[in-house]
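Please keep the structure open as you go through them.

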Amino acid sequence: THCVSGCVCPHNKVLDGKGGCIAPEDCPCVHNGNFYNPGESIRVGCNNCTCRNRKWHCSQEPCLETCSVYGDGHYTTFDGKRFDFEGDCEYVLVQNYCGQQGTNQGTFRVITENIPCGTTGTTCSKSIKVFLGVSICFNKCDGQSEVIQRAPGGKMPFQIRSMGIYLVVDTTVGLILMWDKKTSIFIKLSPSFEGHVCGLCGNYDGNGNNDFTTRSQSVVGNVLEFANSWKVSSSCPSANGTKDPCSANPYRKAWAQKQCSIITSEVFAKCHSQVEPNEYYQACVDDACACDTGGDCECFCTAVAAYAQACNELDICISWRTPSICPLFCDYYN
C-alpha cells in the first residue's frame, strides 16, 4: 500500500524506503550494507542465515577457521588479522605447544621455509613441514610430499589427496592443510583449538587485536618483533623490514596495476561487499612488481587466486580464469 499524508503510514505499517508501506515483518535484513528480503538466505562462515521478521536466523554449526599465507609474505590469521612479513628462515605457522617457551605437550606443528624469489629481497614459501607424531615435508620445487618419519605400527594420522589445484592434508587431530604447490598455504583448524594455538597464524581466540603474541607469550604491536620470535633457528638472521617492490622496479608498476585491477573490477563485484578487495589488490600489485626473476605471471595469478579463495570460503564462486588470464588445464586437474 502507498503512504498517505506526506508519507505517514497507516497503523501497523512502516515505510519501505520507496514511497510505500509494508508490514514490519516484511522489512528486509541487512548484511555488509546489502538488503535481503524475508526468506532470502546468505552464507556466513559455514552457517546458513535466513532473513525472518527483520532478523537473521542462523544455524549454529561449529566452523573451521582459516589461516592463509600467500605470495610475498602476506598473512591472514585465524582471527582475520592481516600483515606482511618477509623473512628468509623457517618459521612456525601454527602449533599447540604454547606453554611457557612452548615446552608443554602438544599434538601438531606446521613450519614453513621462506626463500628469496626476486632481486628486491622478496621472499616466498618454499617448503612446508607438518609434524603430527610423523613428519611430512612438502617441497615447492617438485610439488611432491615426502613422509619423513612413520608412526609406530605404520598407522598414519593423516590422508593426502588432490582437490583441483590444491594438495590437501586431512589429519585426525582437527587440522586441514591446503597447498597450491606454489606459494599459497591455507590452514583450517577445528574450534576445539580456540585459544590453544600460537605462531604466525595467531592464537585463534576470536580477537585479532592480540594476534601478535610472541614465542615468549608477550603481546606486542610490532610485526617484526612478533614474526622474528617465531624463527625455528635462533642462528637465522632477523628480518629488518619490508621494501616497496614497485619503487625498486618502477618499470613494472603500471603493468602490475593493470593486471591486478581484475580484483576490484566487475569480475569480482558480487564478492566485494563480503571480502574487502583493496588489501588484496595492493598485495597483488606488490607481488607482481616483486617477482622480477621469472614467474611474474605466477605471482600475479597466485595473488588473484588468494582473493578468489577468500570469496569461495563464503560460498561466492567467481569464474575469473580465462584462456588469457591464469588458465588452468582442467582436463589435467580433473
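1. The side chain of Gln95 reaches the backbone oxygen of Tyr97 at 3.0 Å, a polar contact, meaning a pair of N or O atoms within 3.5 Å in which, within protein, one must be able to donate a hydrogen and the other to accept it, while residues adjacent in sequence count only if both atoms are side-chain atoms.

2. This is a predicted model, in which local features need pLDDT of at least 70 and side-chain atom pairs count only at pLDDT 80 or more, whereas totals for chains, interfaces and linings use all residues. Residues are numbered from 1 along each chain as its sequence is written, and side-chain values use heavy atoms, with hydrogens and water left out.

3. Gln95 is found in strand 11 (residues 90–95), where a strand is a DSSP run of E with at least two residues and a helix a run of H or I with at least four, both numbered from the N terminus. Because its relative accessibility is 2%, Gln95 counts as buried, the term for under 20% relative accessible area, with exposed over 50% and partly exposed in between (1.4 Å probe, protein chains only).

4. Leaving aside residues up to four places away in sequence, Gln95 touches Phe108, Arg109, His196, Val197, Cys198 and Trp230, contact being heavy atoms within 4.5 Å.

5. Helix 5 is mostly covered, since 10 of its 13 residues are buried, among them Tyr280, Tyr281 and Cys284. Its 13 residues, at 1.5 Å a residue, should span 18 Å, and the end C-alpha atoms of helix 5 are 18 Å apart, which agrees; the expected span is 1.5 Å times one less than the number of residues.
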